[in-house]
Amino acid sequence: MTDLTRLTAARMAEGLAAGDFTSEALTQAHLDRIERLNPVLNAYLQVDTEGALATARAVDAARAAGESLPRLAGVPVAVKDIACTVGIPTTAGSRMLEGWVPPYDATIVTRLKEARMPILGKTNMDEFAMGSSTEHSAYGPTRNPWDLERIPGGSGGGSSAAVAAYLAPLAIGSDTGGSIRQPAAVTGTVGTKPTYGGVSRYGVIALASSLDQIGPCARTVADAALLHEVVAGHDPMDSTSIDAPVPPVLEASATRDLTGLRVGVVREISGEGFQAGVLARFEEAVEELKALGAEVVEVSCPHFRYAMAAYYLILPSEASSNLARYDAMRYGLRVGPDGVDSPSAEQVMGASRDAGFGDEVKRRIILGTYALSSGYYDAYYGQAQKVRTLIARDFEAAFSQADVLVSPTAPTTAFRIGDQTEDPMTMYLNDIATIPANLAGVPGLSLPVGVADEDGLPVGLQVLAPATEDQRLYAVAAALEERLHTAWGGPVLDRAPTVESQEVPA
Amino acid sequence: MSALSRDDVAHVAMLARIQLSEAELDRLAGQLDQIVGWVGQVNEVAAADVPPTSHPLPLTNVTRPDEVRPSLAVEQALAAAPMAQEQRFAVPRILDED
């Protein structure tokens, strides 16, 4: 029998419906693989063996009884540890929430349960989603299955590594500045940040509320579309949720011809500062888009050069407010200061937040508190909000010339664990191409376009579309993916060395 | 230019209720000064007449009908409390003892 974990989610769903295998067998195959490889990869923080198998068996029984089931019923999924799950600890990668078991499910988790998808477990992430490498997790870094000495991207490196290493066919991610797309790029997988408001954030631990968006991680464009349709759609529990039909992303993922489509190459995020091998694969992919019938034009978004600075004011400002809830009073870590007999609530807060938060979280809370403080507000947070308007206007102008925009997803391939932890600002630059979309709320998708010549590591191409036009991402990505797979004779992940063949770093 | 001194960082950390150790202050102060200098480049943009964007969606207030709905039971709400007493969150003292 073939290795079930290697199938696409779409094929798994077909196989289950046809009775070729059971959900229990499929789920068990993933759990076995997790048990074997997770000690090396550290992609999962929690594995819910019993819960996943119980869902799988219930789906098998329902199918045997002739019940009509949702399309992905029985197909397992992993969930980033940022979404609340009843009965499964949810930590957001932080000591602050170690062992915390939420009293309610995030809406996206409810939707996965309604779709009857076994939840394999919770995936590792940078603490409170702050980072681009998953090295800022309080529970140790996740390793990239392509090279165990390298990062799997971040903050959603657990989800990207799990999908790339066949520890899950699908995973949920969250993207505040690139945390779905950049991990997808550096692991040779697909990831989508939907339009802001396209997927409910209810029950998702908040980082920066005007930027955060939940989305799918997968190995193929069609699989990402399948999961996108499960989790997307209006939720009255999230006041920023868009009350409109979900864009037809699954239908779009059958697109094979791009005749007449206008593709804009964004000058400011596709040249200087990008690794040679990344640019080479990107430029080839643009030629493939032309071969598919697209008309390629160059567009300029002059304010994108200020996007990073605006983002690193807006995100810390919102985060400093959101993370004020970790005050050691109602849940989370509570410790007293050393050498104080009867500490005050204020002293307990200060000690608990010092002990519970890691360096990157502290840096951003302090930066945000400073940017919002009296006397500095206008020069920092206020000015960043104006720059945000200019970036949105750049997008508007660009989308008047092009139906979609493209760029490399990340400036480099996966870097080595430890290489960028000393200098926070070097780390920030990994998201230079992905951040503008979050500031403007537009959707973006990353798909693999080959490996860089200099290091053999995967390269991602980012597609951006106007708000609520998420289906355009899938149309472009699906057509390009099909063409590349045909040329390569299979997906780029087929070129990854097996995890088992690699020496485990000390 | 030095935008943010070590004392500034200690003060802002106190406002954010993070009791940094001396070693942490040594480590974070230099990094934060550099980051604040870098994010300050937003002021290179002439934007006096540009309206600020606080949010990507043009939203007005979203409300729901004012109706009672089921909510967490007391045991659920208190399940993760560091300390609970008489169906309430128990917290450290707020005022000075004297």
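With 23 C-beta neighbours inside 10 Å, Y166(A) counts as buried (the cut-offs are 20 or more other C-beta atoms within 10 Å for buried, 12 or fewer for exposed, and partly exposed in between, with C-beta atoms placed from the backbone). This is a predicted model, so local features need pLDDT of at least 70 and side-chain atom pairs count only at pLDDT 80 or more, while totals for chains, interfaces and linings use all residues. Residues are numbered from 1 along each chain as its sequence is written, and chains are lettered from A and ligands numbered from 1 in the order in which they are written.

Back to Y166(A): its place is in the loop between helix 5 and strand 4 (170-175) of chain A. (Helices, H or I with at least four residues, and strands, E with at least two, are DSSP runs numbered from the N terminus.) Y166(A) is not a glycine, yet its phi is positive, at about 60°. A92(A) is another residue other than glycine with a positive phi, this one near 55°. A92(A) sits in the loop between strand 2 (77-80) and helix 4 (107-114) of chain A, and it counts as buried, with 31 C-beta neighbours inside 10 Å. Most residues other than glycine have a negative phi, and most peptide bonds are trans. On the peptide-bond side, G154(A) and S155(A) are joined by a cis bond with omega of about 10°. S155(A) belongs to the loop between strand 3 (119-123) and helix 5 (157-164) of chain A.

Next comes the inside of chain A. Helix 7 (residues 221-231) of chain A has 11 of its 11 residues buried, so it is largely enclosed by the rest of the structure. Among those buried residues are D223(A), H228(A) and E229(A), along with V221(A), L226(A) and V231(A). After helix 7 of chain A comes G233(A), with a positive phi near 115°.

In soluble globular proteins, nonpolar side chains tend to be buried together. Here, the largest nonpolar core has 188 residues, and V77(A), A310(A) and L313(A) touch the most other members. (Such a core is a set of buried Ala, Val, Leu, Ile, Met, Phe, Trp, Tyr and Cys residues joined through C-beta atoms within 7 Å.) Helix 10 of chain A supplies the largest share of this core, 10 residues. Leaving out residues up to four places away in sequence, V77(A) touches L112(A), M117(A), I119(A), L120(A), A168(A), L170(A), A171(A) and I172(A) (a contact means C-beta atoms, placed from the backbone, within 7 Å).

A29(A), in helix 2 (residues 23-41) of chain A, counts as partly exposed, with 19 C-beta neighbours inside 10 Å. With residues up to four places away in sequence not counted, A29(A) touches L4(A) and T5(A).

Chain B has 3 helices and 2 strands, which run α-α-α-β-β from the N terminus on. Its radius of gyration is 22 Å, well over the 13 Å that the globule rule gives for 98 residues, so chain B is more spread out than a compact globule. (The radius is taken over C-alpha atoms, and the rule is 2.2 Å times the number of residues to the power 0.38.) Buried residues make up 18% of the 98 residues in chain B.

How do the two chains meet? The contact takes 58 residues from chain A and 47 residues from chain B. Helix 13 of chain A gives the most to the side of chain A that touches chain B, with 12 residues. That side divides into 33 nonpolar, 16 polar and 9 charged residues (Ala, Val, Leu, Ile, Met, Phe, Trp, Tyr, Cys and Pro count as nonpolar, Asp, Glu, Lys and Arg as charged, and the others, Gly among them, as polar).

Helix 12 (residues 359-371) of chain A packs against helix 1 (residues 6-15) of chain B at an angle of about 90°, with axes 9 Å apart. (Axes are lines fitted to C-alpha atoms, for helices over the stretch in contact, and angles run from 0 to 180 degrees between N-to-C directions.) That makes helix 12 of chain A roughly perpendicular to helix 1 of chain B. (Angles under 35 degrees count as roughly parallel, over 145 as roughly antiparallel, 65 to 115 as roughly perpendicular and the rest as oblique.) I366(A), T369(A) and Y370(A) meet V9(B), V12(B), A13(B) and L15(B) there.

Terms used:
Contact = placed C-beta atoms within 7 Å.
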